[in-house]
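Have a look at the model below before you read on.

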Amino acid sequence: QTARFSLAATLSGVVVAGAIFLSVNDEISLPDGSSISLAQVIQKPKIYDDGCHVNYGEKNSPKCLYGDTKSKRNIVLYGDSHAAQWFPALEKIAKDGGFALTSLTKSACPAVEVNRVESGAFKNSDCNAWRERSIKRIKELKPEAVIMSGFQHFAYPERYSSRDAWWFEGQRSLYAKVLNSSPNLIYISDTPKPQRDIPSCLATAKADECDANEKSDPRVAGGFIALDPTPWLCTDSCPAIVDGIVAYRDASHISVDMSAALSDDLREFLRSN
């Protein structure tokens, strides 16, 4: 009887789990009447699969050369996953423009020279060693442009009076370290911060219920050429779907499709600066 009860309980659990699984829609409906699969929306830039977006504990980026790999004209992408989210746009620009693109990105390690609150597998010593080696590579490459960015919403150490004091000090330090490595030192301020996991929200709710996305501070310290991407993603609000494209792949990063769609805007900015 105990065995029968255990089997019945197991089967009941399987049925409930199956019902929950089937209740989650794998398709997201778009305003134009079309739909897109969740799998496509949550896709990450290919540098993750290539081993070029390095993880916790790692201190070196591989060669990570993209675009026109034989070109002597080089641009560099440098920073954490919020720099990596711009890879699809930059790869397209590099291919179309005949540039080689070197990608130097590491999880949870922004280009900005800040020490974070350590938690889990994140260690400042690993991050700082990776930064030092990446900046050395940048100086050796002497690229035509360095495009940098970082997630601005990390917890900051208590010794700082404010997030601004912590972040701007780190930006000025970054600028001092990359100064003279390239004629075009470009810093992209952070993209809006979703308040929910956008793909999950869109799969289970109406699109306008998923639009509570917070604008990031666009200010940049140091002598960088500053780019604020907020106008590309927001008007008064920052919607989950922009120009028919799901804008975010999770509760943090813009989607691969959104990044690629912004390549023309980014190219125009780079040309005009």
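The numbered points below go from the whole chain to single residues.

1. **Ground rules.** This is a predicted model, where local features need pLDDT of at least 70, side-chain atom pairs count only at pLDDT 80 or more, and totals for chains, interfaces and linings use all residues. Residues are numbered from 1 along each chain as its sequence is written, and side-chain values use heavy atoms, with hydrogens and water left out.

2. **The whole chain.** You'll find 10 helices and 13 strands here; helices (H or I, at least four residues) and strands (E, at least two) are DSSP runs, numbered from the N terminus. The C-alpha trace spans about 75 × 45 × 40 Å along its principal axes. Of the 273 residues, 47% count as buried, where buried means under 20% relative accessible area, exposed over 50%, and partly exposed in between (1.4 Å probe, protein chains only). Now for contacts, meaning heavy atoms within 4.5 Å: of those with a separation of 6 or more, 74% are between residues 24 or more positions apart.

3. **The cores.** In soluble globular proteins, nonpolar side chains tend to be buried together. A nonpolar core is a set of buried Ala, Val, Leu, Ile, Met, Phe, Trp, Tyr and Cys residues joined through side-chain atoms within 4.5 Å. The largest one has 45 residues, and Ile 28 and Val 246 touch the most other members. Helix H4 (residues 87-97) gives the largest share of this core, 5 residues. There is also a second, separate core of 28 residues, with Val 76, Ala 111, Val 114 and Ile 135 among them.

4. **Zooming in on Val 246.** What does Val 246 touch, leaving aside its neighbours within four places in sequence? Its contacts include Ile 28, Leu 30, Ile 36, Val 41 and Ile 198. Leu 202, Ala 240, Ile 241, Ser 255 and Met 258 are also in contact with Val 246.

5. **Who pairs with E6?** Two strands pair if DSSP finds at least two bridges between them. Strand E5 (residues 74-79) runs parallel to E6 over 6 bridges, with Asn 74 opposite Ala 100. Strand E4 (residues 65-67) is antiparallel to E6, with 3 bridges, and Gly 67 also stands opposite Ala 100. Strand E3 (residues 53-54) is parallel to E6 with 2 bridges, and His 53 stands opposite Thr 105.

6. **The largest pocket.** On a 1 Å grid over the protein atoms alone, a pocket is an open set of points where a 1.4 Å probe fits, with protein on both sides within 12 Å along at least five of seven lines; lining residues have an atom within 4 Å of a point. The largest pocket holds about 310 Å³ of space, the volume being the space filled by probe spheres set on the points, which are joined across faces, edges and corners. Of its 15 lining residues, Ile 93, Phe 99, Arg 267, Leu 270 and Arg 271 lie nearest the centre. H4, strand E7 (145-149) and helix H10 (263-272) each supply at least two lining residues.

7. **The second largest pocket.** This one has about 160 Å³ of space. Its lining has 15 residues, and Tyr 48, Ser 81, Ser 107, Ala 108 and His 253 lie nearest its centre.

8. Which residues other than glycine have a positive phi? Ala 108, with phi near 65°, is one of them, and Asp 243, with phi near 50°, is another. Ala 108 sits in the loop between E6 and helix H5 (124-141) and is buried at 12% relative accessible area. Asp 243 sits in the loop between strands E12 (241-242) and E13 (245-246) and counts as exposed at 76%.

9. **A hidden proline.** Pro 192 is in the loop between strand E8 (185-188) and strand E9 (193-194), and is buried with a relative accessible area of 0%. Pro 192 and Lys 215 are 23 residues apart in sequence but 4.4 Å apart in space, C-alpha to C-alpha.
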